Structure formats: C-alpha cells, structure tokens
Amino acid sequence: MTETPATADGTGEVVLEARGLKKHFAQSDSLVDRLLGGNASVKAVDGVDLTVHEGETLAVVGESGCGKSTLGRTLLQHHEATAGSVRYRGTELTGLSAREMRPYRRDIQMVFQDPLASLNPRQTVGQILKAPMEVHGIGDSDAERTELARELLERVGLKANQLDRYPKQFSGGQQQRVGVARALTLEPDLIIADEPVSALDVSVQAQILNLLQELQDELDLSLLFITHDLSVVRYLADRVAVMYLGEIVETAPTDELFENPQHPYTQSLLSAVPRIDPAARTDRILLKGTVPSPLNPPSGCRFHTRCPKVVPPADWPGSDEAFRRAFSYRTRVVAGDLDPEAAKERLQAEGHPSDDDHIVEYLIGGTLTGSRGDLPADAVTVIEEATAAVVAGDEDRAARLVEEAFPSPCAGEVPETVAVDAAHTAACHRVE
C-alpha cells in the first residue's frame, strides 16, 4: 500500500481509529449494591469516535474530569473497553490479552502527566530506558542497549553521562524528557501524550513542546496530545477534538476550529485563551453551573445544563434570551440548587421578613432580577409556583413544573454529529 502523508485536515493513512468507544467504571461490585440497584457506573468515556492519521498531531481538549485521560488509557488498552472498537492500522485491539497486546506496545507508547510518578524511583535512568528494550528483545547485549539509551538521552536534550542518575536527581522538565525518551525506546509509530506539560513551568513547557515537535518531524510520529490548554493546541496540533462529559462534541482542523467554532462549549473554551493582540480578543463566555456527574449525565445534549445558547421550543412566545433565563432557573430547580434555609437566614440577618412568601420572592429575585418583565406571564407563574413548592419541601413537584413548562430540544434529543464541511464536525442542535 502506498503511504500518504497526513495533512491538516487529517487525510493521511489511518493509524489509530476508535468507533463507539466506551469506558464505564462500576461504583461497586458488591452483591448487595447490585440487588438494590446501587451499582451505577461512571460513564467516563461514552461513545467516542476518533481517528488519528499518519504523521499528524490530534489534540483532545476539554475541562478536567471530561474523560480525556481515560480515553487515552482505553485507546492504549490500559483500561479494558466497556464497548466499542479500537483499531491500530486495521487490527482490532479491544479484547486482546496482555500477551496478545504486547507486540502493539512497541508501536503505541504513552507519555504521562506527572513524570516523576511514572518513573520508578528505585531505578536509574539507564535501567528505566533499557527495561522495555529487554522485554521486546531490542539489542543483542546489555552494552548495546546501554549505548542505545545514551543516544536516546542525547536525542531528548539530556547528557549521555546522566544515565546512572535516579529520577529524583532531575528537574521536572528533565524528568519529562526522560519520560519522552522512554516512550521512544521501542521506536513507536504513535505516542499518546497525556497532559505532558501541565505540571511544568511555562518556559519548560515550551521546551518540551518543541522537543515533541522536533521528534515528530524527525521520526515521522503520529501524536495524540491530551490537554486542557488551547493555547498549547494552536501551537502544536493539526486537528482538535473537543471533549465534554465523555463525548466528542466537535472536531476540526486547528485553524478552522479557532476561526469558526460551532459548538457553544468550544466557543466558551476559546474565549478563555489569552490573546496578545487586543483586537483579536473575544468576549469571555462564562459558563454557569458545574459539570454534571458522569454517574448520571443529563439527557439529550449533555451540555444543555450549562449552555448559553440552549434552544427554545417552537411554541415559546418570548425571546430566546428570556427562554434561556427561564431554562437556567429550571436547571437550578432540577439540580436542587435553590436553598430556602440559606435565603431565610440571609433575610433575617438583613432585618427583613422571612416568611415563605418573602423567601420565594428572594429566591426568584436572586436569579431573575431585572428580567422578569420580558418573561411571558405564564412563565412567571410557573416560576413562582415551582419556587413555592421548593420552599414547601416538595422538590419533585417543583422539578415537574419547570420541566413541563420549559422544554427544549437540547434537553430531550441527543444531537447528531453534523458535517460543517469535509473536515469539520459538531454535535449541536444549532448546527445544520
């Protein structure tokens, strides 16, 4: 087969491919929990489609806890997949035993976030580098493997005479260089780098990023780069996959993603990237609320509980902005974020009446101050009734009221992944 070099839109030969990949972690395996229905699973990775092409850098970005690191480890078979497929150059990896997986460990290596934690403190750097060579039969003698280890240290910017040092004798940046050297010992085809610079100083980050880029060009490596830092992504990546709560919500070539983000979550992440040129700065999009638990992710679009562009129903009589305020209130009620006791204490501390009516008004005013006038009268009535139900201790009724009054396609329907163009996809109800 003729090998085609990768391009910025990812058209080179496929090196690694995931389809419908899932990794769920059971909370408990005890018989009692299973009988009581309490063995809910953490949906860390939940149906991911991903492709890495030859010679390219694909960045996977998202907030902490979105499943990026679990995805990397599941691709490498460090975690057994719950469902789905992982193929390396057409060969299915899921379901392989440790012995069957061993040949592919040579081709797919990982660089970890914490370099010191991933290096054996009882071994010298030479021992760390030579151990995988011995396992995979690289080098005919210890002397030859030692020479290869010296060459690797020099290749990553360290000195050959540092081979007998222990990891704790190196700085953080040097430890990460050792981690990169260890990943290169088996001459891999693909490196999965899991937040490899997040624990390092900014100046050292640049050195490691330059090193990875130089090695990629020199050795024709493919790189899956996991990070939460989009400023790093623009410097290093050819393509970007944006991840939220276990799912990929947008994928695009890097320049296209920065210039034309489609998903509201991507837009929020990009709004936080520092700009040197004031003219290039965008208004910061601050997301309200917290990331939902992967134990019980929201229905429909998983981002809808925090989305600043949630879609109103077709029969909504007011403005889109008014609906989003009402929907935001719905989210707070359903999540149990209204706190009548705290409101009562605050009213008493300020010398105001603290009966139920005043608590209701206080709770509503704290969220909808100055904006109730443009809400439809029926919406205001529902908000008042739902808040009164919360104050009365009937949270279930309150949740039913707001869910029935303020429905949204975003909350009820899982968005399809739509092709914005040939190399750009997004999963959002607003994308056509």
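**Aromatic contacts in the predicted model**

Good morning. I begin with a contact between a charge and a ring: the charged end of arginine 165 is placed over the ring of phenylalanine 170, 5.9 Å from its centre. Please bear in mind throughout that this is a predicted model. There is also a lysine contact to report, in which lysine 23 lies over the face of phenylalanine 25, at 5.0 Å from the ring centre.

I turn now to contacts between rings. How many aromatic pairs does the structure hold? There are seven aromatic pairs. One of them joins tyrosine 244 and phenylalanine 303 in an edge-to-face arrangement, with 5.1 Å centre to centre and 80° between the planes. This pair links distant parts of the chain, the two residues being 59 residues apart. Tyrosine 244 belongs to strand β9, residues 239–244, whereas phenylalanine 303 is found in the loop between α11 (264–271) and α12 (320–335).

Are these two residues buried or exposed? Tyrosine 244 counts as buried because its relative accessibility is 1%. Phenylalanine 303, at 2% relative accessibility, likewise counts as buried.

Another edge-to-face pair is formed by tryptophan 316 and phenylalanine 323, at 5.2 Å centre to centre and with 70° between the planes. Tryptophan 316 has a relative accessible area of 13% and is therefore buried, the cut-off being under 20%. Phenylalanine 323 is buried as well, with a relative accessible area of 0%.

Definitions and conventions:
Residues numbered from 1 in each chain as written. Predicted model: local features only at pLDDT ≥ 70, side-chain atom pairs only at ≥ 80, totals over all residues. Heavy atoms only, no water. Phe/Tyr/Trp six-rings, centres within 6.5 Å; stacked < 30°, edge-to-face > 60°. Helix = DSSP H or I, 4+ residues; strand = E, 2+ residues; numbered from the N terminus. Buried < 20%, exposed > 50% of the residue type's maximum accessible area, 1.4 Å probe, protein only. Lys NZ or Arg CZ within 6 Å of the ring centre and 35° of its normal.
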